[in-house]
Amino acid sequence: MSNGPYGQIACRCGTVSLLVCGSPLGCGRDVGDEPVTFWPLDAIQVGGGADELAISPDGRGGDSWVCGRCDERLLYAHDEAGLAVLVGDPEDAGDTASALTLALQRRLEALGYRVLPR
Ligand SMILES: [Zn+2]
């Protein structure tokens with residue numbers, strides 16, 4: 001990987017990879033208390049395995065992006081809010097400026113996420 005502004009996320013089997021650009025909007029916890037980071041949806045690009053990427057509604061107003069081979073969920077996309085939710089801590093959590101508006105925070109909380117204060 002380069003030292004550029006892109007981070008790469010791959011599923012367990014390595015088929016699907018996503019490129020993440022820029023910085024997260026904030027951090028939180030999902031319904032299962034796993035750490036998640038919130039990103040602008042347009043910061044996410046499919047880096048590889050687009051053919052195997054299965055995008056399906058998750059029943060909570062978002063789409064689940066799942067690898068069709070290993071069934072690992074890579075992210076939740078909330079189109080309407082323009083947000084992507086990635087599982088895991090950001091590598092550069094120290095640089096995470098909370099750029100979530102109150103409206104977006106409320107929306108995430110309505111979806112079951114907990115937004116962590118800075
Ligand atoms: Zn996979």
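Predicted model: local features only at pLDDT ≥ 70, side-chain atom pairs only at ≥ 80, totals over all residues.
Residues are numbered from 1 along each chain as its sequence is written, and side-chain values use heavy atoms, with hydrogens and water left out. Local features need pLDDT of at least 70 and side-chain atom pairs count only at pLDDT 80 or more, while totals for chains, interfaces and linings use all residues.

**Exercise 1. The zinc site**

Identify the protein donors of the zinc ion and state the geometry of the site.

Step 1. Donors are N, O and S atoms within 2.8 Å of the metal (3.2 Å for Na, K and Ca); water is not among the atoms, so sites may look incomplete. The SG atoms of C11, C13, C67 and C70 lie 2.3 to 2.4 Å from the zinc ion and are its protein donors.

Step 2. Four donors count as tetrahedral if all angles lie between 85 and 135 degrees. The angles among the four donor atoms here are 107 to 112°, and the site is tetrahedral.

Step 3. Along the chain the donors follow the spacing C-x1-C-x53-C-x2-C. C13 lies in the loop between β1 (6–10) and β2 (17–21) and C67 in strand β7 (residues 63–67), so this pair ties together parts that are 54 residues apart in sequence. Strands (E, at least two residues) and helices (H or I, at least four) are DSSP runs, numbered from the N terminus.

Step 4. Buried means under 20% relative accessible area, exposed over 50%, and partly exposed in between (1.4 Å probe, protein chains only). C67 is buried at 0%, whereas C13 is partly exposed at 40%.

**Exercise 2. The aromatic pair**

Classify the pair formed by the rings of F38 and Y113.

Step 1. Rings of Phe, Tyr and Trp (its six-membered ring) pair if their centres lie within 6.5 Å; planes under 30 degrees apart count as stacked, over 60 as edge-to-face and the rest as tilted. The count by this rule is one aromatic pair.

Step 2. The ring centres of F38 and Y113 are 5.7 Å apart and the planes stand at 80°, so the pair is edge-to-face.

Step 3. F38 belongs to strand β4 (residues 35–40) and Y113 to the loop between α1 (102–110) and β10 (114–115), so the pair ties together parts 75 residues apart in sequence. F38 is buried at 0% relative accessibility, and Y113 is buried at 4%.

**Exercise 3. Positive phi**

Locate D33 and D71 and describe the phi and exposure of each.

Step 1. D33, in the loop between β3 and β4, has a positive phi near 65°. D33 is partly exposed at 47% relative accessibility.

Step 2. D71, in the loop between β7 and β8 (73–78), has a positive phi near 70°. D71 is exposed, with a relative accessible area of 60%.

Methods: Tetrahedral: all angles 85-135°; square planar, octahedral: opposite > 155°, others 65-115°.
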